[in-house]
Amino acid sequence: ATVMSATGQWNVTINSPMGAQQGTLDIAVDGGTLTGTMVGPQGTLALEEGKVDGASLSWAANVTSPMPIKLEFSAEVNGDEISGTVKLGAFGNASFSGSRA
């Protein structure tokens with residue numbers, strides 16, 4: 001996997017304790033920095049603290065409603081597939097996966 005392969009749009013499903021949540025990730029990679037947005041049931045969230053280390057990606061997003069939760073993502077890109085885990089604040093961990101839009 002190449003570093004640039006993460007740039008683009010991804011359709012993802014987060015398997016959260018509240019059920020599967022569909023979302024769209026819009027990722028831009030510049031060297032070791034990842035920026036972008038995630039659009040989902042909570043609206044549009046900015047990706048923060050984004051880092052790239054080889055094929056490994058990490059970023060955070062702050063949900064404000066229905067309650068404030070910091071989502072912490074760690075992911076790997078393999079070609080046109082993305083998968084990883086997301087830490088849901090006090091609600092534990094969830095898996096997520098998706099594919100290039």
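Visitor: Why is the contact between the side chains of Glu72 and Lys87 called a salt bridge?

Guide: In this predicted model, the N to O distance between the side chains of Glu72 and Lys87 is 3.9 Å. The criterion asks for a side-chain nitrogen of Lys or Arg within 4 Å of a carboxyl oxygen of Asp or Glu, so the pair qualifies as a salt bridge.

Visitor: How do you know whether Glu72 and Lys87 are buried, partly exposed or exposed?

Guide: Buried requires under 20% relative accessible area and exposed requires over 50%. Glu72 has 36% relative accessibility and therefore counts as partly exposed. Lys87, with a relative accessible area of 42%, is partly exposed as well.

Visitor: How many salt bridges does the structure hold?

Guide: The structure holds 3 salt bridges. One of them joins Lys70 to Glu49, with the closest N and O atoms 3.0 Å apart. Lys70 lies in strand E7 and Glu49 in strand E5 (residues 48-53), so this pair ties together parts that are 21 residues apart in sequence.

Visitor: What makes Asp80 and Arg100 a salt bridge?

Guide: The closest N and O atoms of Asp80 and Arg100 are 2.6 Å apart. That value lies within the 4 Å limit, and the pair therefore meets the criterion. Asp80 is in the loop between E7 and E8, while Arg100 is in strand E9, so parts that are 20 residues apart in sequence are tied together. Asp80 is partly exposed, with a relative accessible area of 45%. Arg100 is also partly exposed, at 27%.

Visitor: Which residue is the bridge partner of Trp10 in E9?

Guide: The partner of Trp10 in E9 is Arg100. The strands concerned, E1 and E9, run antiparallel and are joined by 6 bridges.

Visitor: How do you know that E1 and E2 pair?

Guide: Pairing requires at least two bridges between the strands. E1 and E2 are joined by 9 bridges, so they pair, and they run antiparallel. Within E2, Ala20 stands opposite Asn15. A hairpin of 2 residues connects E1 to E2.

Visitor: Which peptide bond is cis, and where is Pro66 placed?

Guide: The bond from Ser65 to Pro66 is cis, with omega near 5 degrees. Pro66 is in the loop between E6 and E7.

Visitor: Which residues touch the most other members of the largest nonpolar core?

Guide: Leu25, Ile27, Met38, Trp59, Ile82 and Phe96 do so, in a core of 26 residues. Strands E1 (8-16), E2 (19-30), E3 (33-40), E6 (56-63), E7 (69-78), E8 (81-88) and E9 (93-100) each supply at least two residues of this core. The largest share, 5 residues, comes from E7.

How values were computed
Residues are numbered from 1 along each chain as its sequence is written. This is a predicted model: local features need pLDDT of at least 70, side-chain atom pairs count only at pLDDT 80 or more; totals for chains, interfaces and linings use all residues. Side-chain values use heavy atoms; hydrogens and water are left out. A nonpolar core is a set of buried Ala, Val, Leu, Ile, Met, Phe, Trp, Tyr and Cys residues joined through side-chain atoms within 4.5 Å. Buried means under 20% relative accessible area, exposed over 50%, partly exposed in between (1.4 Å probe, protein chains only). Helices (H or I, at least four residues) and strands (E, at least two) are DSSP runs, numbered from the N terminus.
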